[in-house]
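Biologist: Please go through the following model with me, one question at a time.

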Amino acid sequence: IMEHNPENRQPWRGESGLQRSGHYLGGEILKTIAAAVDPMPGQSLAIQQERLQIPMRPWPEDFDPNTLASAGFRDFFNKSRDMWPDLMRTENPVSVPVSVLRLGNAVVCTNPGEFYCRFGLDIKAASPADVTLIAELVDGCVGYLPTPEAVERGGYSAYPGRQCKLIPEAGGRVVTATRRMRAQVF
């Protein structure tokens with residue numbers, strides 16, 4: 001992707017990207033509401049919020065960006081490796097805000113990461129809510145939250161860098177906190 005995007009187009013970034021994302025999210029919410037045949041019973045409203053302090057992972061000794069096939073990736077990850085000691089000193093641990101909002105029999109679970117699908121499914125499993133929504137990249141951006149298995153296998157969203165800097169257990173910690181808060185609002 002990086003090699004086939006010489007103009008570095010990023011339509012989902014910046015102010016116009018935020019507006020585009022907001023319109024998209026708002027449209028999806030309206031479609032969901034319009035599809036609901038029966039209104040949700042009850043008028044329960046509750047919120048729980050927590051800030052997790054999650055450590056950054058050390059740069060893996062066995063990851064050499066120079067072995068990557070793509071020149072763009074090599075440059076990106078070499079820059080990440082060069083800045084890693086400073087990030088470990090200035091941004092570690094990372095404050096990760098997590099929230100759970102109950103609206104009647106629905107619950108919205110938020111976090112500032114980009115979850116791997118497994119974590120969203122883990123939050124939705126055994127949810128007492130009729131509707132459980134996962135909202136990512138809320139209250140900031142801490143990057144990708146890959147599974148520990150994905151970190152072992154590697155790949156752009158699991159290699160260390162500004163896009164993925166937390167320990168491999170970070171996603172699991174967010175899931176655990178979200179489930180605990182969800183239990184408190186139900």
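Modeller: Helices (H or I, at least four residues) and strands (E, at least two) are DSSP runs, numbered from the N terminus. The model is predicted, so local features need pLDDT of at least 70 and side-chain atom pairs count only at pLDDT 80 or more, whereas totals for chains, interfaces and linings use all residues. Residues are numbered from 1 along each chain as its sequence is written, and side-chain values use heavy atoms, with hydrogens and water left out.

Biologist: Which helix holds Ile 29?

Modeller: Ile 29 has a relative accessibility of 43% and counts as partly exposed (buried is under 20% relative accessible area, exposed over 50%, partly exposed in between, with a 1.4 Å probe and protein chains only). Its place is within residues 14–35, which make up helix 1.

Biologist: Which strands stand at the edges of the sheet?

Modeller: The sheet is open and mixed in its pairing, with 4 strands in the order 1-2-3-5 (two strands pair if DSSP finds at least two bridges between them). Two of the strands have a single partner strand each, so one side of each is left without a neighbour in the sheet. These are strand 1 (45–54) and strand 5 (131–135).

Biologist: What is the bridge partner of Leu 52 in strand 2?

Modeller: Strand 1 and strand 2 (residues 94–103) run antiparallel and are joined by 10 bridges. For Leu 52, the partner in strand 2 is Val 96.

Biologist: How many salt bridges does the structure hold?

Modeller: A salt bridge is a side-chain nitrogen of Lys or Arg within 4 Å of a carboxyl oxygen of Asp or Glu. One of them joins Asp 86 and Arg 89, whose closest N and O atoms are 2.4 Å apart. The structure holds 7.

Biologist: What is the N to O distance between Lys 31 and Glu 28?

Modeller: Both residues lie in helix 1 and are 3 residues apart, so about one helical turn separates them. Lys 31 is exposed at 52% relative accessibility, whereas Glu 28 is partly exposed at 31%. Their side chains meet in a salt bridge with an N to O distance of 2.8 Å.
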